[in-house]
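Dear colleague,

My notes on its pockets, its ligand and its backbone follow.

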Amino acid sequence: MSDLQGKILKILQNGGFHSGESLGCQLNVSRTAIWKQLQALEALGLEIESVKGVGYRLPDSFELLSKATILKHIAESHGHLPCELEIFQSIDSTNRYARERAEAEAISGAVVLAENQTAGRGRLGKTWVSPFAANLYMSIVWNFDQGAESLQGLSLAVGVGVRRTLVELGLQDVQLKWPNDIYIGGKKLGGILLEMIGDPNGRCTVIIGIGLNVAMPSLAGQEIDQAWTDLQTQSSSPISRNTLTAKLVVTLFLLLKDFQRVGFKAYRDEWEEADFLKNLPGTVRTVKEGISGVVLGVDDSGALRLALPNGEVQRFIGGELSLGPRL
Ligand code: BTN
């Protein structure tokens with residue numbers, strides 16, 4: 001984001017209408033220069049209301065991420081929590097950046113946030129729609145020392161942590177869909193993407209990427225290829241992205257500190273209580289095939305358990321699960 005864009009947003013942040021002329025006067029640039037910058041911000045996915053003869057206005061929910069505010073909230077709720085926080089206005093992917101930094105130096109506990117991602121990564125090679133200043137895009141770097149096997153179910157446990165945070169913020173009926181999607185009312189609210197680097201048999205680093213829809217602009221939402229929802233629609237009170245970030249960091253840091261000792265087993269009951277597809281017909285698609293049955297839940301390692309029509313129970317450690325068909 002350019003310096004001028006930052007200044008325009010600062011003026012618009014009070015929620016009122018501002019004409020191009022008054023913005024230009026305050027910032028000592030032409031109306032055309034203002035218009036161009038607003039267009040550039042819209043291209044990043046920011047929803048700007050424009051009323052002819054009146055001016056421009058930002059959505060009521062607009063709030064930029066602030067490092068000082070997030071750290072203050074963290075300190076208030078948890079005293080001292082060592083956490084290195086970086087916020088980008090725009091980046092290709094917070095996971096890509098966090099991963100490259102973690103490859104170069106030891107940064108366990110680093111948190112990377114962005115207002116906008118130009119190439120946000122979703123699971124299975126999909127793009128994560130990441131418009132400017134609308135949602136939460138966060139990556140956490142965490143070191144583990146007992147190899148990949150001790151991390152089975154970690155992404156599901158992170159889902160439990162995200163759900164706990166949302167429940168604490170007053171959200172109801174937050175559900176989890178195997179392996180690591182967050183759902184409300186049958187629609188996707190967010191997702192988790194884990195990437196691992198280092199020695200699968202020993203010391204390794206995990207990049208935990210979390211995307212949560214907070215106030216998805218309708219135009220950007222049209223790019224999503226499945227039913228989706230956002231916190232603004234689901235919550236009875238406004239959700240501050242700064243508060244949400246701080247609460248997530250505190251909850252997830254505590255969970256990550258414990259995970260290797262307790263494993264997914266400690267989160268399994270909570271995960272199953274929130275299982276979106278439990279006892280429903282489901283199909284798991286792997287690279288090779290699609291297998292249908294009834295979703296039974298997960299085991300202690302986070303593997304999905306599916307009851308097949310022949311009475312057998314099959315375990316899955318990877319794949320894409322969807323609802324139906326009823327057999
Ligand atoms: C999914 O497909 O459900 C997982 C989505 C994960 C998206 C987040 S947004 C922050 C982080 N950076 C990325 O590029 N992806 C993850």
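The second largest pocket has a volume of about 470 Å³. A pocket here is an open set of points on a 1 Å grid over the protein atoms alone, where a 1.4 Å probe fits and protein lies on both sides within 12 Å along at least five of seven lines; lining residues have an atom within 4 Å of a point. Grid points are joined across faces, edges and corners, and the volume is the space filled by probe spheres set on the points. Among the 33 lining residues of this pocket, Gly122, Arg123, Thr127, Trp128 and Lys188 are the closest to its centre.

Please note that this is a predicted model, in which local features need pLDDT of at least 70 and side-chain atom pairs count only at pLDDT 80 or more, whereas totals for chains, interfaces and linings use all residues. Residues are numbered from 1 along each chain as its sequence is written, and side-chain values use heavy atoms, with hydrogens and water left out.

The lining of the second largest pocket draws at least two residues from each of α5, β5, β8 and β9; helices (H or I, at least four residues) and strands (E, at least two) are DSSP runs numbered from the N terminus. With six residues, β8 gives the most to this lining. By class, the lining comprises 12 nonpolar, 13 polar and eight charged residues, where Ala, Val, Leu, Ile, Met, Phe, Trp, Tyr, Cys and Pro count as nonpolar, Asp, Glu, Lys and Arg as charged, and the others, Gly among them, as polar.

The ligand

The ligand takes up the space of the second largest pocket, the criterion being that more than half of its atoms lie within 2 Å of the grid points. Around the ligand there are 20 residues, of which Ser93, Thr94, Arg121, Arg123 and Lys188 come nearest; a residue qualifies if one of its heavy atoms lies within 4 Å. The elements α5 (94–104), β5 (136–144), β8 (187–198) and β9 (204–212) each supply at least two residues of this shell, and the largest share, four residues, comes from β8. The shell divides into six nonpolar, 10 polar and four charged residues.

- The side chain of lysine 188 places an N or O atom 2.7 Å from an oxygen atom of the ligand.
- The side chain of glutamine 117 has an N or O atom 3.0 Å from a nitrogen atom of the ligand.
- At asparagine 95, a backbone N or O atom lies 3.4 Å from a nitrogen atom of the ligand.

Of the 420 Å² of accessible area that the ligand has on its own, the protein covers 98%; areas come from the Shrake-Rupley method with a 1.4 Å probe.

The largest pocket

The largest pocket has a volume of about 590 Å³. It is lined by 24 residues, with Leu151, Gly153, Ser155, Leu194 and Ile317 the closest to its centre. Both α6 (154–168) and β8 supply at least two residues of the lining, and β8 gives the most, with five. This lining has 13 nonpolar, eight polar and three charged residues.

Backbone

Most residues other than glycine have a negative phi, and most peptide bonds are trans. Tryptophan 178 and proline 179 are joined by a cis peptide bond with omega about 0 degrees; proline 179 lies in the loop between β6 (174–177) and β7 (181–184). The bond from glycine 324 to proline 325 is also cis, with omega near -5 degrees, and proline 325 lies in the segment after β14 (320–323). Leucine 124, although not a glycine, has a positive phi of about 55 degrees; leucine 124 is in the loop between β4 (110–114) and β5.

Yours sincerely

Conventions
Polar contact = N/O pair within 3.5 Å; in protein donor to acceptor, adjacent residues only side chain to side chain.
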